[in-house]
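Please have a look at the sequence and the fold, then follow the notes below.

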Amino acid sequence: MSTAKLILGSSSPRRQELLKQVHLPFSVRTPDIDESQIRTNNPVEKVEQLAIRKSQAIPLLDEKEVILTADTVVSYKQQIFEKPKNKETAIQMISDLSGETHEVYTGVKIRSSEQELVFVERSEVEFWPLSEEEIDWYVSTPDPYDKAGAYGIQSLGAAFVKRINGDYATIVGLPISKVVRELRQFSIFPY
Ligand SMILES: Cc1cn([C@H]2C[C@H](O)[C@@H](COP(=O)(O)OP(=O)(O)OP(=O)(O)O)O2)c(=O)[nH]c1=O
């Protein structure tokens with residue numbers, strides 16, 4: 001029986017749901033960082049550095065704790081799309097992604113008092129061509145505003161998605177199957 005304690009360092013309800021889905025017990029401690037400090041335009045570096053920063057913002061309170069943090073961005077034609085700041089940005093992002101294929105990157109950091117690791121997962125998403133009406137309607141809902149790339153594949157944004165290549169959970173914000181496997185070396189098991 002493992003005595004290691006998993007701490008999810010994230011305010012994202014989707015990351016919490018994915019851990020619950022595979023029956024991993026955890027508690028939540030929210031990181032407070034200034035994401036604008038990471039200036040790289042390389043999506044792999046960006047999600048890796050942000051996952052590391054979020055981890056650094058959460059102290060290890062005892063040697064049994066294992067801190068899990070993550071960051072997700074959308075990448076399209078050398079641009080990085082984070083959460084849209086307003087309606088105009090959301091319209092711009094969804095319009096750019098309409099009819100095209102983009103990538104979603106999620107960086108993950110896992111750390112204990114004894115060891116640490118970082119990895120980045122990538123999935124591709126193709127959108128159907130979207131009408132102006134469809135985009136206008138979508139940005140009038142709350143769905144785009146707390147999500148990288150201004151859409152949620154697990155929520156209303158599902159209607160835009162023609163095809164994905166890669167792990168679905170990476171798009172939702174946490175590549176859960178890889179996380180489960182990596183957590184074994186930190187003595188954390190769902191069963
Ligand atoms: C592309 C996409 C992103 N997202 C979400 C995952 C992340 O929660 C969010 C990207 O923002 P993040 O900065 O990665 O995470 P967060 O601010 O939600 O949470 P925290 O920093 O506390 O860990 O976008 C979806 O929920 N569905 C999607 O289809």
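Let's begin with D71, which sits in strand β3 of this predicted model. The UniProt annotation "active site", from an unreviewed entry, covers D71. Strand β3 will come up again when we turn to the core and to the ligand.

**Around D71**

- Is D71 buried or exposed? D71 has 28 C-beta neighbours inside 10 Å, so D71 counts as buried; the cut-off for that label is 20 or more.
- Leaving aside residues up to four places away in sequence, D71 touches V47, L50, A51, K54, T106 and G107.

**The nonpolar core**

- In soluble globular proteins, nonpolar side chains tend to be buried together.
- Here, the largest nonpolar core contains 43 residues.
- Which residues have the most contacts inside this core? They are I7, V66, L68, I94 and L174.
- Strand β3, which spans residues 65–76, gives the most to this core, with six residues.
- Take L68 as an example: its contacts are L6, I7, L8, G9, I110 and V179, again not counting residues up to four places away in sequence.

- Helix α1 runs over residues 13–21, and R15, L18 and L19 are its buried residues.
- Why do these buried residues line one face of the helix? Seen down the axis of α1, they fall within an arc of 100°, so they share one face.
- On the face turned away from the buried side of α1, you can find the exposed residues P13, K20 and Q21.
- What covers the buried residues of α1? The cover includes β1 (5–8), β3, α5 (168–172) and α6 (176–183).
- After α1 comes H23, and its phi is positive, near 60°.

**Around the ligand**

- There are 23 residues around the ligand, and those that come nearest are S10, S11, S12, I153 and G173.
- Which elements give two or more residues to the shell around the ligand? They are β3 and α5.
- Strand β3 provides the largest share of this shell, four residues.
- Sorted by class, the shell has eight nonpolar, 10 polar and five charged residues.

**Putting it together**

How values were computed
Residues numbered from 1 in each chain as written. Predicted model: local features only at pLDDT ≥ 70, side-chain atom pairs only at ≥ 80, totals over all residues. Core = buried A, V, L, I, M, F, W, Y, C linked by C-beta atoms within 7 Å. Buried ≥ 20, exposed ≤ 12 C-beta atoms within 10 Å, placed from the backbone. Contact = placed C-beta atoms within 7 Å. Arc of directions from axis to C-beta. Near = placed C-beta within 6 Å. Nonpolar A, V, L, I, M, F, W, Y, C, P; charged D, E, K, R; others polar. UniProt positions renumbered as here; feature names shortened; annotations may be inferred.
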